[in-house]
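Please walk me through this structure, one part after another.

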Amino acid sequence: MDTQNCFHCGLDIVKEAEILFDQKTFCCAGCKTVYEIFSLNDLSCYYDFEKSPGASPQDIKGKYDFLENENIVSKLLEFQEATTAIVSLSIPHIHCSSCIWILENLQRLQKGISSSQVNFPEKKVRIIYNPAEVSLSTIVYLLGSIGYEPYISLKNYETPQTKTDRSLTYKLGVAFFCFGNIMLLSFPEYFEVKEFWLDNYKPFFRWLIFALSLPSFLYSGSGYYVSAYKSIRSKMLNIDVPIALGIIVMFIRSVVDIIFDYGSGFFDSLTGLIFFMLLGKMFQIKTYSFLSFERDFKSYFPVAVTRINADSSEESVPVYDIQKGDRLLIRNQELIPVDGILISDNTAIDYSFVTGEAIPINKKSGDKIFAGGKQLGKVIEMEVLFSVSQSYLTQLWSNDVFQKKVTQKHKSITDAISRYFTVVLLLIAFAAFGYWIFIDINKAFNVFTAILIVACPCALALTAPFTLGNILRIVGKQKFYLKNALVIEQLAKVDTLVFDKTGTITSNAASNIFYEGKPFTEANLVRIKSVLRGSNHPLSRMLYDMLPEAGKITISEFEEITGKGIQARVVGSLVKIGSAAFAGMPEEQQSLQTSVHIQIDGVYFGKYIFKNQYRDGLELLFKSLHKEYQIKVLSGDNEGGKTALKKLLPAGTELVFNQKPEQKLEFIKQLQDSGKNVMMVGDGLNDAGALAQSDVGVSISENVNVFSPACDAILEAGQFQKLHYFLKLSKKAMKVIKMSFGLSLLYNVVGLSFAITGHLDPLIAAILMPLSTITIVSFVTLMSNYYAKKLEVRGYEL
Amino acid sequence: MSVIYLLITISIFVAIAFLIAFFMAVKSGQYDDDYTPSVRMLFDDETARTQSRNHKAKSVNQNTTTNSEKE
């Protein structure tokens with residue numbers, strides 16, 4: 001057993017806080033309680049599967065009281081009847097097999113739960129329970145008490161459970177069934193054995209093959225016909241046009257062949273083609289089901305809040321029912337859902353979801369507070385100014401960018417090539433037809449169809465899915481999650497990078513604290529620390545943690561003055577810590593920094609300045625990016641950190657400050673209008689508009705499971721310095737695709753030479769098609785892996 | 001040789017049976033989550049072991065909580 005770390009959650013144990021229980025050490029009472037619950041219910045095998053798998057439970061008292069409201073609960077449930085109810089809860093903490101085990105044994109902890117099932121990739125647990133015996137809020141509090149607090153947001157409330165689309169899996173199954181059986185039945189024809197019995201059974205085999213090809217042709221291939229039809233209607237020839245043409249011509253020709261007994265037809269190639277192409281489609285789709293790329297404010301906002309009625313009774317109401325003039329009760333750590341005015345004395349609000357700024361902002365009674373902030377401190381009351389849909393932040397979503405659902409911002413490289421491909425193909429086919437028609441009409445038709453069949457761009461169509469799908473997996477392993485494969489193509493085209501400042505290039509969590517002013521004596525430092533101990537203000541906590549360890553001194557006359565600071569008497573001297581005016585700073589100069597001033601016994605000493613910590617490797621990354629891209633930095637903040645930032649960034653980087661969310665969006669739009677391909681890197685909800693507007697929106701997230709606005713890609717904060725590597729890899733991916741296009745065109749030329757001369761046998765087609773598929777697929781997989789390795793070896797800084 | 005009609009018909013039907021089995025598997029959601037079941041199948045023994053231990057504990061002393069009573 002490890003004595004250094006908590007037996008339950010694995011965190012380091014602070015010596016003073018160590019708790020010894022049952023011969024095991026715990027870091028806090030919360031962890032100990034969870035262990036107690038488990039061991040009491042004989043569930044301690046939880047600790048056998050993984051070492052220290054748990055999380056210490058957070059205090060969520062009162063947070064989920066809205067689950068007592070029947071109407072809200074019924075919207076969250078998947079299924080509801082008198083004695084059975086099913087609910088799917090998303091639990092971000094799910095991360096190991098112990099989690100699965102304990103969550104699937106919930107019925108042993110709580111009477112009334114009949115069973116529960118974990119979906120690990122989606123980090124969800126589906127609980128079937130009896131509402132007559134146990135309520136949803138009891139279950140949620142139980143989960144919270146064992147460290148698995150579910151994440152319930154407005155989104156769960158609004159959108160009903162969507163059915164997963166499995167049609168591709170069905171299509172693939174059917175295609176494989178048809179392909180396999182047809183291959184088997186085609187064998188006698190391949191060897192052309194002149195044998196009496198085989199010749200006798202030929203029609204039987206052929207019609208059976210025909211029958212088997214129908215499901216593949218009609219069902220599995222249907223996606224291509226629809227897509228081709230759509231692309232012709234919108235007058236943009238995409239790759240599906242020659243594919244659909246090839247498939248249909250192949251089918252008609254084969255039917256004609258067997259009716260008039262010309263040959264065995266191309267059913268084997270036809271079904272093989274459909275199967276391989278669907279396989280490519282399947283490979284390209286890699287979904288990170290635990291991530292969501294479509295998040296808007298709804299994923300952050302709570303389902304319900306506590307309203308204080310006129311008779312001062314409390315009631316949980318859904319946030320959409322909040323009216324102007326209502327009084328709301330916001331608890332510690334709760335999100336403020338609407339704009340309003342603070343009624344209670346004072347509070348600190350953490351706007352890190354919105355701006356990325358980690359340091360909370362102080363508000364006092366009468367101040368306006370905006371939706372999206374997280375309340376820190378004791379319970380507050382507020383009066384509502386606007387309903388949810390009219391609040392400042394949520395209005396961003398009424399922008400056009402969010403209204404239209406753009407499935408594809410760019411034309412993909414495959415489609416760009418296939419435009420020419422289709423035209424050239426048709427030209428060749430008609431030219432050959434024109435040539436043969438003077439020699440032999442029958443042969444002319446043969447050649448015409450053979451060209452369309454053999455040129456069917458199977459290999460071409462497989463190139464992009466396999467390359468991009470492979471790259472998608474490679475970068476996904478390095479914690480860079482892309483929404484889909486097309487994002488890679490867009491990444492390769494980017495020429496301008498726009499970064500948000502706070503929370504994106506600065507780290508969200510850490511802050512640098514500097515001291516400026518007269519040096520303190522040892523005794524004074526101890527005094528300051530002792531005074532800070534009494535304060536719960538986040539800045540005080542940060543400063544307290546930063547100051548060196550000191551002995552305890554009792555303080556007296558401690559007073560916390562809202563919006564100003566704290567003061568107390570320590571061994572005779574009066575210590576004042578707080579704003580400049582409060583600490584009696586001599587010359588009043590407007591400072592743009594976040595700072596805490598110190599005064600002892602009426603003498604002004606100096607200030608502690610809180611600076612944002614820039615992410616590791618930022619300077620290096622920008623230096624290397626600067627060579628290839630235009631870099632711009634946008635910030636919603638004031639110009640406080642401008643000089644420091646300028647030093648870090650390469651010369652010529654544009655810095656824009658004081659940007660509101662709409663202005664950020666407009667900024668991106670203007671860049672795009674001047675012909676730039678813009679990648680936006682941001683993190684907070686205030687970047688959401690800019691992320692949606694940009695060609696590629698990358699969201700930086702410290703915790704990928706929960707917090708990231710709608711975007712095209714999610715990058716885990718720790719991998720930030722690899723950004724250039726990912727951009728380079730995307731360019732290499734396009735290079736691989738182009739090389740592979742060359743290779744597949746070569747196959748087409750070989751095939752065409754057979755077709756034009758009128759020598760295309762079904763056998764040749766049946767060999768050529770899988771051969772080209774296999775070489776192309778292995779080529780692109782090897783090449784993209786090779787480039788990923790090579791770039792990695794060379795390092796990220798180049 | 002006409003037995004070939006019979007044989008091929010049977011083989012096709014067997015193949016169709018597998019296809020239907022595949023459909024049923026997809027429909028029941030087996031392909032939606034391909035990770036959790038692989039872990040879950042390793043748990044069964046653990047649960048059984050704990051349960052038996054639980055029963056033994058019960059028979060030895062009468063001190064049972066409401067939760068283990070449920071077992």
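How far apart do the end C-alpha atoms of residues 207-225 of chain A lie, and what share of the span is helix? The model is a predicted one, and in it these end C-alpha atoms are 24 Å apart, with 95% of the span in helix and 0% in strand.

This span comes from a record. UniProt, in an unreviewed entry, gives the feature "transmembrane region" for residues 168-187, 207-225, 237-256, 420-439, 445-472, 736-757 and 763-788 of chain A. Another of these spans, residues 763-788 of chain A, is 100% helix and 0% strand, and its end C-alpha atoms are 38 Å apart. Chain B has the feature too: UniProt (unreviewed entry) places "transmembrane region" at its residues 6-26. In the model, residues 6-26 of chain B are 100% helix and 0% strand, with 30 Å between the end C-alpha atoms.

The next step is to see how helices pack. Two packed helices are described by the angle between their axes and the distance between the axes. Helix α8 of chain A (residues 196-220) packs against helix α1 of chain B (residues 3-27) at an angle of about 15 degrees, and their axes are 12 Å apart. Angles under 35 degrees count as roughly parallel, so α8(A) is roughly parallel to α1(B). The crossing in which α8(A) passes α1(B) is right-handed. On the side of α8(A), the residues that meet the partner are A:Tyr201, A:Phe204, A:Phe205, A:Leu208 and A:Leu212, while α1(B) brings B:Ile4, B:Tyr5, B:Ile8 and B:Ile12. Sorted by class, this contact of α8(A) with α1(B) has nine nonpolar, no polar and no charged residues.

A second pair lies within chain A. Helix α10 (residues 240-259) and helix α16 (residues 441-454) of chain A pack at about 140 degrees, with 8 Å between their axes. That angle makes α10(A) oblique to α16(A), and the crossing of the two is left-handed. From α10(A), the contact takes in A:Leu245, A:Gly246, A:Val249, A:Met250 and A:Arg253; from α16(A), it takes in A:Asn446, A:Thr449, A:Ala450, A:Leu452 and A:Ile453. By class, the contact of α10(A) with α16(A) has six nonpolar, three polar and one charged residues.

Chain A also contains sheets. Strands of a sheet pair through backbone hydrogen bonds, either parallel or antiparallel. One open sheet has seven strands in the order β16-β28-β27-β26-β17-β24-β25 (chain A), with mixed pairing. Its edge strands, β16 (480-482) and β25 (654-656) of chain A, each pair on one side only. From one strand to the next, the twist averages 20 degrees. Within this sheet, β26 (residues 678-682) and β27 (residues 696-701) of chain A pair in the parallel sense over four bridges, and A:Val681 stands opposite A:Val698 in β27(A).

Helices pack on this sheet. Helix α18 (residues 486-493) of chain A touches β16, β26 and β27 of chain A, and its direction makes about 110 degrees with that of β16(A). Helix α26 (residues 723-756) of chain A lies across β16, β17 (496-500), β26 and β28 (713-716) of chain A and runs at about 150 degrees to β26(A).

Another open sheet has three strands in the order β12-β11-β14 (chain A), with antiparallel pairing. Here β12 (361-364) and β14 (374-376) of chain A are the edge strands. Neighbouring strands of this sheet are turned by 40 degrees against each other on average, direction ignored. Strand β11 (residues 346-350) of chain A pairs with β12(A) in the antiparallel sense over four bridges, and A:Ile349 stands opposite A:Ile361 in β12(A).

How values were computed
Residues are numbered from 1 along each chain as its sequence is written. Chains are lettered from A and ligands numbered from 1 in the order in which they are written. This is a predicted model: local features need pLDDT of at least 70, side-chain atom pairs count only at pLDDT 80 or more; totals for chains, interfaces and linings use all residues. Side-chain values use heavy atoms; hydrogens and water are left out. Axes are lines fitted to C-alpha atoms, for helices over the stretch in contact, and angles run from 0 to 180 degrees between N-to-C directions. Angles under 35 degrees count as roughly parallel, over 145 as roughly antiparallel, 65 to 115 as roughly perpendicular and the rest as oblique. A crossing is left-handed if the near helix is turned anticlockwise from the far one by less than a right angle, and right-handed if clockwise. Contact means heavy atoms within 4.5 Å. Ala, Val, Leu, Ile, Met, Phe, Trp, Tyr, Cys and Pro count as nonpolar, Asp, Glu, Lys and Arg as charged, and the others, Gly among them, as polar. UniProt positions are given in the numbering used here, feature names are shortened, and annotations may be inferred rather than shown by experiment. Two strands pair if DSSP finds at least two bridges between them.
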